[in-house]
Amino acid sequence: MPRFPRIFPILTLGATLAFAAQPTSEPLDINTATPTQLKALPGMGDAYVRRIIEGRPYTAKNQLVARGVLPQPAYDKISSRIVAKRPAH
C-alpha cells in the first residue's frame with residue numbers, strides 16, 4: 001500500500017499557495033488593510049507599506065499621491081485595486 005501521508009501535505013501546501021496568490025475581486029481599503037495585504041499589491045515594498053500606514057486615514061485613494069506617500073508610477077500600478085473608505089465617526 002502506498003504511503004500517501006508524505007505526499008498529501010505537499011499537495012495541500014501547493015493548493016494553499018495557489019489560493020493565496022489569486023487576486024480578490026473586491027478592492028483593498030487602504031485605511032484598514034494589514035501590512036501583509038498592502039505588500040501583496042504590485043510594487044509595494046516595506047517602505048511604501050509603512051508610509052501608507054503612517055499616513056492614515058485617507059478620505060480618497062488619490063491622497064496617496066497628493067500627500068507624497070507614493071510617487072505617481074507606484075500609485076498607477078495599484079489604483080484599480082484599492083479604495084479609501086471613509087472612517088466611521
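Biologist: What does the accessible surface of the protein come to?
Modeller: About 6,600 Å², with 62% of that belonging to carbon and sulfur atoms. Accessible areas come from the Shrake-Rupley method with a 1.4 Å probe, and for residues only the protein chains shown count as cover. This is a predicted model, where local features need pLDDT of at least 70 and side-chain atom pairs count only at pLDDT 80 or more, while totals for chains, interfaces and linings use all residues. Residues are numbered from 1 along each chain as its sequence is written, and side-chain values use heavy atoms, with hydrogens and water left out.

Biologist: What is the mean pLDDT?
Modeller: The mean is 83, and 70% of the residues reach 70 or more. pLDDT is the predictor's confidence in each residue, from 0 to 100. Over residues 7–13 the pLDDT is below 50, and that stretch has zero contacts (heavy atoms within 4.5 Å) beyond near neighbours in sequence. Where pLDDT is low, the predicted coordinates should not be read in detail.

Biologist: How many helices and strands are there?
Modeller: Five helices and two strands, in the order α-β-α-α-α-α-β along the sequence. Those are DSSP runs numbered from the N terminus: helices are H or I with at least four residues, strands E with at least two.

Biologist: Which residues have the most contacts inside the largest nonpolar core?
Modeller: Ile30, Leu38, Met44, Ile52, Leu64 and Leu70, in a core of 17 residues. Helix 3 (46–54) and helix 5 (72–78) each supply at least two residues of this core, and helix 5 gives the most, with three. A nonpolar core here is a set of buried Ala, Val, Leu, Ile, Met, Phe, Trp, Tyr and Cys residues joined through side-chain atoms within 4.5 Å. Buried means under 20% relative accessible area, exposed over 50%, partly exposed in between (1.4 Å probe, protein chains only).

Biologist: And what does Leu64 touch?
Modeller: Leaving out residues up to four places away in sequence, Leu64 touches Ile30, Ile52, Tyr58, Val69, Leu70, Tyr75, Ile78 and Ile82.

Biologist: Different topic. Is Asp29 buried or exposed?
Modeller: Buried, at 10% relative accessibility. Asp29 is in strand 1 (residues 28–29). Beyond four places in sequence, Asp29 touches Val83, Ala84 and Lys85.

Biologist: Which backbone nitrogens lie by its side chain?
Modeller: A polar atom of the Asp29 side chain is 3.0 Å from the backbone nitrogen of Asn31. For the backbone nitrogen of Lys85, the distance to a polar atom of that side chain is 3.3 Å.

Biologist: How many salt bridges does a search of the whole structure find?
Modeller: One. A salt bridge is a side-chain nitrogen of Lys or Arg within 4 Å of a carboxyl oxygen of Asp or Glu. The side chains of Lys39 and Asp46 meet at 2.7 Å, N to O. Lys39 is partly exposed, with a relative accessible area of 42%.

Biologist: What about the loop between helix 3 and helix 4?
Modeller: Gly55 is there, and it is buried at 19% relative accessible area.

Biologist: Where is Pro57, then?
Modeller: Also in the loop between helix 3 and helix 4. The peptide bond from Arg56 to Pro57 is cis, with omega near 0°.

Terms used. A polar contact is a pair of N or O atoms within 3.5 Å; within protein, one must be able to donate a hydrogen and the other to accept it, and residues adjacent in sequence count only if both atoms are side-chain atoms.
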